[in-house]
Amino acid sequence: MGAALSIALPTAPASAAAAARVDNPYVGATPYINPDWSAKAKAEPGGSAIADQPSFVWMDRIAAISGTANGRGLRAHLDTALTQGATLFQVVIYDLPGRDCSALASNGELKAEELGRYKAEYIDPIAAILADPKYAALRITALIEPDSLPNMVTNAGSAAGATEACRHVKELGSYEKGVGYALNKLGDIPNVYNYIDAGHHGWLGWDTNFDPAVDQFKKAATTEGATVDDVHGFIVNTANYNAVKEPHFKVTDSVNGTTVRQSKWVDWNYYVDELSFAQALRDRLVSRGGFNSDLGMLIDTARNGWGGTARPTGPGPLTSVDAYVNGSRVDRRIHTGNWCNQQGAGVGERPQTAPEPGIDAYVWAKPPGESDGNSQPIDNDEGKGFDRMCDPTYGGNDRNGNNPTGAMANAPLAGHWFSAQFQMLLANAYPPLDGGGNPGDDTQAPTVPAGLKTTGTTASSVSLSWTASTDNVGVASYDVYRNGTLVGSTGGTTYTDSGLTATTTYQYTVRARDAAQNASAQSAPVAGTTTSGGGTGTGNLKVQFKTSDTSPADNAIRMSLQLINTGSSSQSLTGVEIRYWFDDTATSYTTWCDWAQLGCSNLTHSVSTNGTATGANRYLKTNITGGTLAAGASTGDIQLRLHRSDWSNLNEADDYSHGTASSYTDAPKIGVYVGGQLLWGTAP
């Protein structure tokens with residue numbers, strides 16, 4: 001877990017010296033506390049516990065720039081930030097033409113054809129204010145147009161759930177041009193950091209949406225004069241409820257031979273939480289999208305805590321895959337497509353800087369207590385319609401599997417204060433609130449973790465486990481140290497430290513932390529020694545195989561593979577080599593990558609000899625040239641093919657690695673190597 005964002009309020013600096021450009025704008029920053037939201041929170045019973053948390057300011061219509069009866073304008077917010085002594089200001093840019101073409105509750109004031117007004121009356125005035133030298137000392141993070149580009153991926157075609165409004169916007173190019181213009185104008189301001197909204201795993205986590213989303217983001221980021229240099233990062237889970245981490249199950253789990261991906265809840269998605277999705281998306285944006293390698297990600301954690309008495313404390317029963325997933329998941333929604341004022345939700349992780357690799361911060365983009373949409377029709381002058389997904393009596397549609405909406409009753413217009421929701425979010429907060437008037441009231445540290453031990457080693461990893469600590473409020477995470485240096489954090493009581501050197505002994509300790517950032521002393525140390533490699537691999541990468549060739553005696557060996565990270569931390573793919581062993585007598589071969597989710601350009605492949613091993617005197621060697629794989633994530637399909645150079649027939653029937661599975665299955669006779677050390681499989 002990273003450090004909590006500072007919320008101290010020192011006096012304003014005397015000068016407005018320009019803020020130096022930094023890799024992560026959240027590091028070392030003092031964020032602005034929105035006094036308009038804070039006052040509403042403090043007025044609620046128990047609301048003082050979170051009222052001083054930093055959150056984004058929403059510019060959701062042209063009038064919001066100068067201010068409305070319900071809130072101060074952009075310049076007034078910035079002036080207040082200077083008075084507070086803040087060095088970080090967070091703002092949501094949200095008024096595209098034809099805004100949110102798939103959700104009536106968040107429709108906007110501009111018609112799809114009014115791109116000119118968007119530029120002249122909305123973006124240009126905002127850019128002029130943010131560029132004022134008076135604010136040059138502030139780091140300004142701009143969240144660019146929630147839900148817009150993801151709608152172009154899934155809701156603008158002919159698929160179930162698509163809308164005519166989205167098709168019309170796509171035909172006009174309103175979203176792409178609007179986002180590009182905003183990136184270009186705001187990206188010209190040295191102290192502004194643009195983060196594009198990238199939906200969430202329950203929207204774009206399927207392979208049919210994942211790469212198309214990357215392509216859509218790239219298209220918008222190179223439109224209207226924008227370039228990838230105008231994009232500092234992306235944000236996921238904006239105003240949504242997806243859990244940061246699912247602690248009790250992984251996408252790679254299976255029950256009685258049925259994979260978690262086949263459960264009704266996961267529905268073949270490649271991700272089950274936002275952290276794994278954000279980390280994988282970041283890698284893909286760089287490798288496929290051509291975005292800068294220092295790209296940062298944000299996760300909105302304002303309302304995805306899912307605490308309270310309904311929160312599972314461990315894995316579900318193994319009677320069926322659905323029972324296992326439903327009993328394990330902390331996200332208690334009826335369906336991941338439900339997005340409006342969700343019953344049972346709670347305040348999530350408090351804002352934190354650099355909590356996980358590739359994540360710039362956990363942030364509160366949608367402040368707790370602000371409605372997602374009205375549960376009944378309400379006349380208004382804000383352009384907001386009535387979306388049945390906010391109606392608790394509605395039976396659903398194609399986008400939520402025709403399930404009930406799970407929405408709260410008596411909800412006001414989107415963005416308006418919803419006291420009942422705020423009270424529910426407090427009650428179900430996770431990590432739990434301390435019950436006092438300020439998060440700082442909790443000063444008691446958790447107990448020291450006991451029973452630290454090694455549970456497995458490979459040539460490049462050491463796996464650890466320990467006994468859970470206790471705390472007066474609740475343990476939020478554990479920090480793992482290798483030779484005195486922090487190497488990672490986890491919400492559970494196991495951790496795999498990877499990327500190590502073979503035949504080397506390391507010393508490990510663990511400490512516990514609570515939500516108020518009280519930390520225990522470090523545990524008693526334990527030693528872990530990596531192996532020398534070879535034999536049967538026991539690392540945290542595995543390979544699965546399915547056949548794409550029903551004839552073992554034709555002129556090609558075809559296969560589909562996917563790598564899965566079974567560990568608890570991200571795994572570098574640089575230097576990873578997959579070996580598929582076969583037996584043949586030819587002297588030369590041609591190899592092909594027909595398609596790969598991670599991109600064929602990120603793979604090299606060739607055939608090597610392997611002595612006289614029975615059924616395995618050759619192997620197809622496939623190397624991955626870069627990237628990382630988040631814990632629990634998959635590379636997706638890697639479709640490979642090889643031929644003899646003369647295209648004569650082969651006989652695969654007795655090949656060591658040959659398989660006949662028609663769906664992805666663990667492949668222990670296909671090897672995964674890193675740095676020449678076997679991590680998965682049994683070599684022939």
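1. Basis. This is a predicted model, with residues numbered from 1 along each chain as its sequence is written. Local features need pLDDT of at least 70, side-chain atom pairs count only at pLDDT 80 or more, totals for chains, interfaces and linings use all residues, and side-chain values use heavy atoms, without hydrogens and water.

2. Asp100 sits in the loop between strand E5 (88-93) and helix H4 (115-130). Helices (at least four residues) and strands (at least two) are DSSP runs, numbered from the N terminus. Asp100 is buried, at 4% relative accessible area. Buried means under 20% relative accessible area (1.4 Å probe, protein chains only).

3. Strand E7. In E7 (residues 192-197), 6 of the 6 residues are buried, so the strand is largely enclosed by the rest of the structure. Val192, Asn194 and Ile196 point one way; Tyr193, Tyr195 and Asp197 point the other.

4. Pairing. E7 pairs in the parallel sense with strand E6 (residues 139-144) over 5 bridges. Pairing requires at least two DSSP bridges between two strands. Tyr195 of E7 is the bridge partner of Leu143. E7 also runs parallel to strand E8 (residues 233-236), joined by 3 bridges. There, Ile235 partners Asp197.

5. Cavity. The structure holds 1 cavity of 30 Å³ or more. A cavity is a set of points on a 1 Å grid where a 1.4 Å probe fits but cannot get out. The largest cavity has a volume of about 50 Å³. Its lining residues (an atom within 4 Å of a point) include His201, Trp206, Trp265 and Thr336. The lining divides into 5 nonpolar, 4 polar and no charged residues.

How values were computed: Buried means under 20% relative accessible area, exposed over 50%, partly exposed in between (1.4 Å probe, protein chains only). On a 1 Å grid over the protein atoms alone, a cavity is a set of points where a 1.4 Å probe fits but cannot get out, and a pocket is an open set with protein on both sides within 12 Å along at least five of seven lines; lining residues have an atom within 4 Å of a point. Grid points are joined across faces, edges and corners, and a volume is the space filled by probe spheres set on the points. Ala, Val, Leu, Ile, Met, Phe, Trp, Tyr, Cys and Pro count as nonpolar, Asp, Glu, Lys and Arg as charged, and the others, Gly among them, as polar.
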